[in-house]
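Visitor: I have this one open and would like to go through it. Can you start with what counts as pairing between strands?
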Amino acid sequence: MANSPTEEVGNADTQAPRIKWQTQALKSTYANFCNATSTREEVVLNFGVNHNWDRGGAEVEIELEHRIVLSPFAAKRLSDLLLRLMAEYESRYGELR
């Protein structure tokens, strides 16, 4: 992350537009739980925290904190991005099981 409120990414030699990230309102949140649902028009991702350390309990309570609604096209791009990111991670640190 850049020290300034914005971080620029891009190269004048490429056709891609220059991206200027606005980070003044950026907030970071920890999540150890995620689920997803979809309809024809949208993909919904729910993120939250599972505070239950007792895995043998009859009930698990998840504190949902964020819901992200994406178009199917944006969800597909996110899927491709995550696949590449995890392949890079596993090549660096080893396979996750």
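Guide: Two strands count as paired if DSSP finds at least two bridges between them. The model here is a predicted one, and three of its strands form an open antiparallel sheet in the order β3-β4-β5.

Visitor: Which are the edge strands?
Guide: β3 (33–38) and β5 (62–70), each of which pairs on one side only. From one strand to the next, the twist averages 20°.

Visitor: How many bridges join β3 and β4?
Guide: Six, in the antiparallel sense, with β4 covering residues 43–50. Cys-34 stands opposite Phe-47 of β4.

Visitor: And what does α1 touch on the sheet?
Guide: α1 packs on the sheet through β4 and β5, and its direction makes about 115° with that of β5.

Visitor: Switching to confidence. Which elements have the lowest and highest mean pLDDT?
Guide: Strand β1 (residues 6–9) is lowest at 54, and helix α1 (residues 72–93) is highest at 98. The chain as a whole has a mean pLDDT of 88, with 86% of residues at 70 or more.

Visitor: How many aromatic pairs are there?
Guide: One. Tyr-89 and Tyr-93 make a tilted pair, 4.9 Å centre to centre with 50° between the planes.

Visitor: Why are those two about one helical turn apart?
Guide: Because Tyr-89 and Tyr-93 are four residues apart in helix α1.

Visitor: Is the pair buried or exposed?
Guide: Tyr-89 is partly exposed, at 35% relative accessible area. Tyr-93 has 54% and counts as exposed, since the cut-off for that is over 50%.

Terms used: Residues are numbered from 1 along each chain as its sequence is written. This is a predicted model: local features need pLDDT of at least 70, side-chain atom pairs count only at pLDDT 80 or more; totals for chains, interfaces and linings use all residues. Side-chain values use heavy atoms; hydrogens and water are left out. pLDDT is the predictor's confidence in each residue, from 0 to 100. Axes are lines fitted to C-alpha atoms, for helices over the stretch in contact, and angles run from 0 to 180 degrees between N-to-C directions. Contact means heavy atoms within 4.5 Å. Rings of Phe, Tyr and Trp (its six-membered ring) pair if their centres lie within 6.5 Å; planes under 30 degrees apart count as stacked, over 60 as edge-to-face and the rest as tilted. Buried means under 20% relative accessible area, exposed over 50%, partly exposed in between (1.4 Å probe, protein chains only).
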